[in-house]
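This report is meant to be read alongside the sequence and the coordinates. It moves from the overall layout to single residues.

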Amino acid sequence: MPRPHRSTTTRDRHRHTIARTQPPCGLCGDPIDYTLTVLPDQHGQRCPGPLTCRGCVPHPDRYEVDHRIPRNRGGSDDLTNKQASHRRCNRAKSDRTDGGPIMRRSGSLTRPR
Ligand SMILES: [Zn+2]
Ligand SMILES: [Zn+2]
């Protein structure tokens, strides 16, 4: 029996599984508009060109998968550790769990000769 093609990763599968029931944001509790993708008519620096592109800047309120326990804190990649979130909530959360802004100590990196 042929197996289904492997273009769907576990990550994608979980993403769709969570979106199927269209739950509210697990971080702020507000509903998520699952139709949001990008900000229309806004383009990033790497945009191939506004003529062919229909928007490439992620919508801040779009659906993203949040890890309840962040991966860098030992959280698993299982569905049980995942929940729906707004992109902006997800971003705000990961900023917090990182312990604030990243401190760059200039000069700590030695340049190879
Ligand atoms: Zn939210
Ligand atoms: Zn674009």
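Helices (H or I, at least four residues) and strands (E, at least two) are taken here as DSSP runs, numbered from the N terminus. On that basis, Ile 32 belongs to the loop between helix 1 and strand 1 (38-39). The structure is a predicted model, in which local features need pLDDT of at least 70 and side-chain atom pairs count only at pLDDT 80 or more, while totals for chains, interfaces and linings use all residues. Residues are numbered from 1 along each chain as its sequence is written, and chains are lettered from A and ligands numbered from 1 in the order in which they are written.

**Layout and confidence**

The protein chain holds two helices and four strands, and their order from the N terminus is α-β-β-β-β-α. For pLDDT, the predictor's confidence in each residue on a scale from 0 to 100, the chain has a mean of 84, and 77% of its residues reach 70 or more. Confidence is highest in strand 4, at 97, and lowest in helix 2, at a mean of 84. Over residues 98-110 pLDDT stays under 50, and the model has zero contacts beyond four places in sequence for them, a contact being a pair of residues whose C-beta atoms, placed from the backbone, lie within 7 Å. Of the contacts in the chain with a separation of 6 or more, 52% are between residues 24 or more positions apart.

**Burial and the core**

A residue is called buried if 20 or more other C-beta atoms lie within 10 Å of its own, exposed if 12 or fewer, and partly exposed in between, with C-beta atoms placed from the backbone. Buried residues make up 10% of the 113 residues in the protein chain. Helix 1 (residues 10-20) lies largely in the open, because zero of its eleven residues are buried, whereas strand 4 (residues 82-86) is largely enclosed by the rest of the structure, because four of its five residues are buried. Strand 4 runs antiparallel to strand 3 (residues 63-67), to which five bridges join it; two strands pair if DSSP finds at least two bridges between them. Within this pairing, Asp 66 stands opposite Gln 83 in strand 4.

The largest nonpolar core has five residues, namely Cys 25, Ile 32, Tyr 63, Ala 84 and Cys 89, where a nonpolar core means a set of buried Ala, Val, Leu, Ile, Met, Phe, Trp, Tyr and Cys residues joined through C-beta atoms within 7 Å. Ile 32 counts as buried because it has 22 C-beta neighbours inside 10 Å. Leaving aside residues up to four places away in sequence, Ile 32 touches Pro 24, Cys 25, Tyr 63, Ala 84 and His 86, and Tyr 63, on the same terms, touches Ala 19, Ile 32, Tyr 34 and Ala 84.

Most residues other than glycine have a negative phi.

| Residue | Phi | Loop | C-beta atoms within 10 Å |
|---|---|---|---|
| Gln 22 | about 45 degrees | helix 1 to strand 1 | 12, exposed |

Gln 22 and Ile 32 are ten residues apart in sequence, with their C-alpha atoms 7.4 Å apart in space.

**Helix 2**

Ala 92 sits in helix 2 (residues 87-97) and is partly exposed, with 13 other C-beta atoms within 10 Å. The C-alpha atoms of Ala 92 and Leu 27 are separated by 9.8 Å, although the two are 65 residues apart along the chain.

Key: Two residues are in contact if their C-beta atoms, placed from the backbone, lie within 7 Å.
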